[in-house]
Amino acid sequence: MTATTAPARPAALSPRLTGATAGRVLRQLRHDHRTVAMLLVLPSALLGLLHLIWADVPTAPGEPETFDRIGLTMLGVFPFVVMFLVTSIAMLRERTSGTLERLLTTPLSRLDLLLGYGLAFGLAAAVQALVTVTIATTLYDLDVAGPLALVVLIAVVDAVLGVALGLLASAFARSEFQAVQFMPVVVLPQFFLCGLLVPREQLAGWLQVASDVLPLTYAVDALREVGTSPEATGTMWVDVGVVAGTALLALGLAAATLRRRTS
Amino acid sequence: MDAAVTVTDLVVHRGARRVLHEVGCSIPPGRVTGLLGPSGGGKSTLMRAVVGVQRVVSGTVTVLGRPAGSADLRSRVGYVTQAPSVYADLTVRENARYFAALSGRGGAAADAAIADVGLRAAAGQLVGDLSGGQRGRASLACALVAEPELLVLDEPTVGLDPVLRVELWDHFHALAAAGTTLVVSSHVMDEAGRCDRLLLLREGRLLSDSTPAELRTRTGTDDLEEAFLSLVRATGVGGSGPGHEHRSEERARSGAPRGSERVGRA
């Protein structure tokens, strides 16, 4: 072998490799029919239960129906929770099966891998949100003042946040048991503090601060904006930006946890 | 001719244990080099160092003229781990196509790699539904598909029937004839004779770096298994129980004579 002309260093980000990875993740999903069915049906079914719970509860005159308020918020919470779980397990599998180590010896960059996951589960979340929004607004008479497309958009951004935090959390889990338990750790405090259970203004000062720095707060706020204003508001776009920014930050941190060299 | 891989004074620790002791060797290009020795001897660790996923304490590993693990080596080096690392929830073809895409190749390359490992009939099956041997071959196909200049294969023939094993070895030699460098580990000595060059690794030390013929001449036996055993006896590094290596290492550090241990065991 003579002097070798080395090919260029692989790019930090390759749309082609990101796309190939997203396609691979979706193909894995497609082989798992039950998971696909649960992804599509479960949020609608749970929303139906909420609808029934509040069906006969009277609301004060002038107040929005409780289901309109809570149900709409859940459209952002479901994709966040589901994608967090699915992704953290999927990534843990990559780590334990040896495929992650193998991928890191190929030209695929760490960011390609993580964005591939984000893209694949973001697409899955878009389909999920379309189904859920359609059923909620027709079957359960969910009233949304703003455009439904924005609800779907927010749901997808929430899902991507779930994916990013799931990828990050999987780095700290050695087993599926641990990975699953990261869900309540990451999700429940955000859910308690997002203003759904108790209006944020009524929270103690330090809890409000905690609420201010948790991304789900902004996801819920964005949906509330769409629920009450016929058009997209500036506040809503800021909220969406905060959620998307947090997702990117978490993806960057997750990339830092992928070590090529291990002992 | 430059070596495809040059390892110099490589020291690797796993936890508190030293698993490679200043190993040095060079691997010729366009040849099949066998990495042999009992399991736990450091074969996999040495391979991981060559593909650049092993954290090393000291020493250097140069692969195709570049430091091991360099980013631009990733498209030139293929690695197959001992445990099949493919997606169980994808078909053989989907796995091969994904790894083909990662190296900029298409479906035809994927199908060719599947045929090379004799899995054409199972291409549409989920990897999770295959036998252990078939899974290993699916994993191998995913490395072959990238047509790397250096192929590092950790025990690729484990669990295969004799016919398939011969076919795979023939394929390895065909690849080598076409210019690919192969490093193949095995703990079965009957595969040693199929290699162009042999590295014998035991308890983290390189016992021998030679051709099978040289090894036979040196040890005066035609049986490579026997040759390996006589090398072990000659070097006197030894012990059979787990943890022995660690003990002898501590003894070496504390200056205690090694001989005392051998006497104690005799």
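Select chain A and colour it by burial: of its 263 residues, 43% are buried, a residue being buried if 20 or more other C-beta atoms, placed from the backbone, lie within 10 Å of its own. The model is a predicted one, in which local features need pLDDT of at least 70 and side-chain atom pairs count only at pLDDT 80 or more, while totals for chains, interfaces and linings use all residues. Residues are numbered from 1 along each chain as its sequence is written, and chains are lettered from A, with ligands numbered from 1, in the order in which they are written.

The C-alpha trace of chain A spans about 85 × 40 × 35 Å along its principal axes. Contacts here are pairs of residues whose C-beta atoms, placed from the backbone, lie within 7 Å; among those in chain A between residues at least 6 apart in sequence, 80% join residues at least 24 apart.

Now bring in chain B and select the interface, where 33 residues of chain B are in contact with 28 residues of chain A. On the chain B side, the elements that give two or more residues are strand S6 (77-80) and helix H2 (92-102) of chain B, and H2(B) gives the most, with four residues.

Note on methods
Contact = placed C-beta atoms within 7 Å. Buried ≥ 20, exposed ≤ 12 C-beta atoms within 10 Å, placed from the backbone.
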